[in-house]
Amino acid sequence: MSAVLQVEHLSASIGGQQVVEDVSFSVPATGVTAVLGRNGVGKTSTIKAILGLVERSGTVLLDGEPIDREPTHRIVQRGVGYVPEDREVFTALTVEENLRLAVRDREPRRELVEALFPDLVRRSAQRAGTLSGGQQQMLSMARALLNRNRLLLVDEPTKGLAPKIVTELATALQEAARTVPVLLVEQNLQVIEQLAQDVVVIDGGRVVHTGPAAELLGDEAAVRRYLGVHAEQPPTARRSDDDAPGAQPPTARAAEEARP
Amino acid sequence: MSITVLLLITGLGLGALYFLVASGLSLIYGLMGVLNFAHGAFLTLGAFIGFEVSRAVGATTWPGFAVAVVLGALAGAAIAALSELLLIRPLYQRHIEQVLVTVGLGLVTVALYEGIWGTDPIFISGPAWLDRTTSVLGANVPNDRFLAIGAAVAVLVGLVLFLKHTRYGLVIRAGVENRAMVTALGIDVRRSFTLVFTIGGAAAGLGGVLASQYFGYVSAHLGGTLLIFAFIVTVIGGLGSLTGAALAAVLVAVPQQFANYYLGIGDLIAVLALALVLLVRPSGLMGAKAA
Ligand SMILES: Nc1ncnc2c1ncn2[C@@H]1O[C@H](COP(=O)(O)OP(=O)(O)OP(=O)(O)O)[C@@H](O)[C@H]1O
Ligand SMILES: [Mg+2]
């Protein structure tokens, strides 16, 4: 299968310090490819390096064309949608203004976004800063889904959210992934199981494993080695910054925090 | 009573001049993270160009004054746009160098203006109405105060409408909050850098023409003097906030006038106000929010 994105020997640094060492992987032209790894291994930095949001070197090809020397806005204009970690909606702008700002296509997919996130329609005049964490995440995802992209880069969309919202977001992503390939950073193993066909595991700024998602999730020892978590671990209670705290599926993050 | 009214309106007039400088400073800092020390140079150029064209057209006539206002603002806009394109843009993301360049530009332009127009203040005249006074509650208020206040209010309203209702305004408001995310939506945020410089330069150039009427003279140091207080206003208002700058301009200039009249310590009051705000609300009255 052809790849929509090829990353070769990508390294990145922030403030002069190298945070991505030498990362190579490719993203197939369909489906969801998940990026896994413990906290702080460089997942977000890898995404940001692809987008040119941090200083980077190496080769990045989008549909075979190099984008590693282009400024961020050009890369995005080529059809790369970005849903950043921590949402990064514009809090001083209304929901509608956030969406309007994100429109690049002549005919944005308003109906799709409104069908996926009806809550946003009701709140279109509300300032994004007053939305709950889950609603902000939906807005952040809606911004990316408005345009017909060639690739979506989605960074921990379920982080810190209540189970009900996690399900809703995962469903929206699944829907989106039917028409656009997605590179998804995610720590929630249930979400990965539901969505991802392939995984890329990063550790210490390098890729340590690539392969089918099912294969990795089925290998308890590998999951434990790479992520420090049991795939079959019972749900752990975890605080959430959304409306209701509740039971959560196991995540690498929860396991890290639980470690002595 | 009449002296209170006079000081109040004169203070508002001074605040109007501060705002015309501070509005650009605040937007430029809010969006680009650059403290623009060359902003006074934009104002001074506006004042000198206004002086020259009104002299050519007829300094004491309204057409002469109107042309001075328009060309003064255009001159401010032009020098600001050129500064951004030629000096600031090549240093993209190198903030310290950018600030140093603006400091250098501020110094060089003063020398340049002195070379062209001399080191002595040039006393100017305008339409006769501006030199007269209007009686307000028994106070004889010079008419140029009203002109400055009216112009500043018009600029404030115009800028707020622009920020709220245009695509560029939307980009600027978003950029003030999170510049990287604006580029990550596929928007070339550098274009709006040139735009805020141009808008800020136009407001400063207009401020230059009005300031020369307010003070009655033009000099190479006109902009530098106002710039210091405009910086204070910008910080008090909250870097990046336009309405904050408007509010702070009044809160600095009015007490400054009163303190000057009664105690002779107006400038000290401005600095004390700055210190107070920095202690109580370090992010300024309105934080970082473009409108
Ligand atoms: N702004 C920054 N300044 C300095 N170091 C940073 C910065 N951002 C990230 N880092 C460092 O870079 C490394 C990789 O960070 P990154 O955010 O890419 O990890 P991550 O895998 O996304 O982590 P998480 O699972 O917590 O999101 C970390 O060691 C982090 O401390
Ligand atoms: Mg991360």
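This is a predicted model: local features need pLDDT of at least 70, side-chain atom pairs count only at pLDDT 80 or more; totals for chains, interfaces and linings use all residues.
Chain A contains 11 helices and 12 strands, while chain B is built with 12 helices and 4 strands. In chain A, 55% of the 260 residues are buried; in chain B, buried residues account for 54% of 291.

The largest pocket has a volume of about 690 Å³. Its lining comprises 30 residues, and those closest to the pocket centre are Gly52(A), Leu53(A), Thr72(A), Tyr92(B) and Gln93(B). In chain A, strand 4 (55-62) and helix 2 (72-77) each give two or more residues to this lining, as do helix 4 (95-117), helix 8 (179-183) and helix 9 (189-215) in chain B. Helix 8 of chain B provides the largest share, with 4 residues. In terms of residue class, the lining of the largest pocket holds 14 nonpolar, 7 polar and 9 charged residues.

Strand 6 and helix 6 (133-145) of chain A each supply at least two lining residues, and strand 6 gives the most, with 3 residues. The lining of the second largest cavity divides into 7 nonpolar, 2 polar and 2 charged residues.

The metal site comes next. The magnesium ion (ligand 2) is coordinated by OG1 of Thr44(A) and, through two OE contacts, by Glu85(A), at 1.9 to 2.7 Å. Thr44(A) belongs to helix 1 (residues 43-51) of chain A and Glu85(A) to the loop between strand 6 (80-83) and helix 3 (95-102), so the pair ties together parts that are 41 residues apart in sequence. Thr44(A) has a relative accessible area of 18% and is therefore buried. Glu85(A) is likewise buried, because its relative accessible area is 17%, under the 20% cut-off.

The loop that holds Glu85(A) also contains Glu88(A). Glu88(A) has a phi near 50°, a positive value in a residue other than glycine. With 25% relative accessibility, Glu88(A) counts as partly exposed. A phi near 50° is found in His9(A) too, again a positive value in a residue other than glycine. His9(A) sits in strand 1 (residues 3-14) of chain A and is exposed, at a relative accessible area of 55%. For context, most residues other than glycine have a negative phi.

Two further buried residues complete the picture, one from each chain. Glu186(A) occupies the loop between strand 8 (182-185) and helix 8 (189-195) of chain A, and its relative accessibility of 3% makes it buried. Beyond its neighbours within four places in sequence, Glu186(A) is in contact with Val35(A), Leu36(A), Pro157(A), Thr158(A), Val191(A) and Ile192(A). The C-alpha atoms of Glu186(A) and Ala196(A) are 9.8 Å apart, with the two residues 10 positions apart in sequence. In chain B, Arg145(B) is part of helix 6 (residues 143-165). Arg145(B) counts as buried at 13% relative accessibility. Apart from residues up to four places away in sequence, Arg145(B) touches Ile9(B), Thr10(B), Gly13(B) and Tyr214(B).

Terms used: Residues are numbered from 1 along each chain as its sequence is written. Chains are lettered from A and ligands numbered from 1 in the order in which they are written. Side-chain values use heavy atoms; hydrogens and water are left out. On a 1 Å grid over the protein atoms alone, a cavity is a set of points where a 1.4 Å probe fits but cannot get out, and a pocket is an open set with protein on both sides within 12 Å along at least five of seven lines; lining residues have an atom within 4 Å of a point. Grid points are joined across faces, edges and corners, and a volume is the space filled by probe spheres set on the points. Ala, Val, Leu, Ile, Met, Phe, Trp, Tyr, Cys and Pro count as nonpolar, Asp, Glu, Lys and Arg as charged, and the others, Gly among them, as polar. Donors are N, O and S atoms within 2.8 Å of the metal (3.2 Å for Na, K and Ca); water is not among the atoms, so sites may look incomplete. Buried means under 20% relative accessible area, exposed over 50%, partly exposed in between (1.4 Å probe, protein chains only). Contact means heavy atoms within 4.5 Å.
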